[in-house]
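Q: Can you walk me through this model? I would like the overall fold, then a couple of helices, then the ligand.

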Amino acid sequence: MRPVNYLQYAFKILGYKLFRTFGFPKMMPSNCVFSVTNFCNSKCKTCHIWEKYPNQPELAKKEMTTEQWLKTFKTMGPSVFCVFTGGEPFLRNDAHELLMGIQKYKKPKILTICTNATLPERIEEVLDKFLQTKKKDIDLTINISLDHIGEKHDEIRGIKGNWEKLLETVKVVRKLQDKYGYPNLCFHTVVSKWNVDDIPKIYDYVVNELKPDVYIMEPSELRYELGTINTDILPDKEKLSKVFRVYSSNKNVTFLTNVVRQIYIDKYIKGQGLPCYASFNHTQITTNGNVWTCCMMADKEPLGNLNEADFDFKKIWFSKRANKIRKKVKKREFPTCKGCYLAVAANTSIPQNIALTTKYILRELFGKKKSKNSVNN
Ligand code: SF4
Ligand code: SF4
């Protein structure tokens, strides 16, 4: 983000503090995640979204149409951060139209597109078209899942040949960068029991061979959204803490993003929660029209369903039901909130804690020498 946008966002932080404390001023979310499809052509061990439609084919018919998504974006208005994800979002035939809708109505400063990198030609087609008209002030990143190297990556992702497609996708991204200067290339590793022992090797390969602009790691999670509750996917906690301390952050994100990630990692390792701002400044909309508080709660306690509100997001966001849910989020009354370290909501919940964020900013500026936590130095 540009400095002027940080300043604007600082005012929003104050606004959200008031919204969370007093219920006023009423604010729209700054961080919006759009899960535009649950179709997925991977079969990941750490996420079972790919099983949703084969197990319940009737659900696939409930995916929101292009028009319904566009109306939703329009009624939401601008947000600073937007994430375009799935399932595999490039499987949607209207991926370009949806991105154009996000650009037009959501006016994001930071737009992240997640992909399993299995469809390099489709990714090139959609992004090339989008980049021709992309507004200058959108910082666009493609976030590619990378869970191991070569065949081991394919094993975790459940698809033979995924690694080769990933390498092709990297070439596509480089080509687009030469042509348009974007998107930023980001790799995202989910640390699970299948790769925790190899993280140093994976890290060195990614940083030295693939040379991304950004490299992030996150722990695998037991989430309703992913269908991983009661599954045996988590890495050994001690091993995870060790690799996280050394490898999980990076500095080729912006300075402040890196600070947020440092806080997230420390809190995760220490098992400490923070005041949660999900449903205040963060929301996720899933493809059946459900508006989620966060991905951890997912369909369990939606703020509402857009189908019942004629795809007018404001009707859901400012409804009595949403207010009731907010009160419970504040007190962490939902069972899912116990032991939750915020997951994606962390990105917007952490900066709301001004004292803590300031402490980490000072530590980053004047603290001890960092270890191996940077890419592309
Ligand atoms: S992690 Fe992504 S690619 Fe893998 S199954 Fe889930 S949605 Fe599909
Ligand atoms: S504490 Fe966790 S589960 Fe509860 S609302 Fe916040 S992000 Fe969701």
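**Chat notes on the model**

A: Of the contacts in the chain with a separation of 6 or more, 77% are between residues 24 or more positions apart; a contact means C-beta atoms, placed from the backbone, within 7 Å. This is a predicted model: local features need pLDDT of at least 70, side-chain atom pairs count only at pLDDT 80 or more, and totals for chains, interfaces and linings use all residues. Residues are numbered from 1 along each chain as its sequence is written, with chains lettered from A and ligands numbered from 1 in the order in which they are written.

Q: How many helices and strands does the chain have?

A: There are 15 helices and 9 strands, taken as DSSP runs (helices H or I, at least four residues; strands E, at least two) numbered from the N terminus.

Q: Which residues of α8 are buried?

A: Asn162, Trp163, Leu166, Thr169, Val170, Val172, Val173 and Leu176. They sit on the same side of α8, because their arc around the axis is only 165 degrees, using directions from the helix axis to the C-beta atoms. Buried means 20 or more other C-beta atoms within 10 Å of the residue's own, exposed 12 or fewer, and partly exposed in between, with C-beta atoms placed from the backbone.

Q: And what covers them?

A: The cover includes α6 (120-133), β4 (139-145), α7 (151-157), β5 (184-191) and α9 (199-210). On the face of α8 turned away from the buried side are the exposed residues Lys171, Arg174, Asp178 and Lys179.

Q: Now α9. Which of its residues are buried?

A: Ile199, Ile202, Tyr203 and Val207. Their arc is 115 degrees seen down the axis of α9, so they line one face of the helix. They pack against β5, β6 (214-219) and α10 (237-247).

Q: What follows α9?

A: Lys211, with a positive phi near 45 degrees. Just after α8, Gly181 also has a positive phi, about 85 degrees.

Q: Switching to ligand 1: which residues surround it?

A: Cys40, Ser42, Cys44, Cys47, Ile49, Trp50, Gly86, Gly87, Glu88, Asn116 and Ser145, each with its C-beta atom, placed from the backbone, within 6 Å of the ligand.

Q: How many of the shell residues are nonpolar, polar and charged?

A: The shell has 5 nonpolar, 5 polar and 1 charged.

Key
Two residues are in contact if their C-beta atoms, placed from the backbone, lie within 7 Å. Ala, Val, Leu, Ile, Met, Phe, Trp, Tyr, Cys and Pro count as nonpolar, Asp, Glu, Lys and Arg as charged, and the others, Gly among them, as polar.
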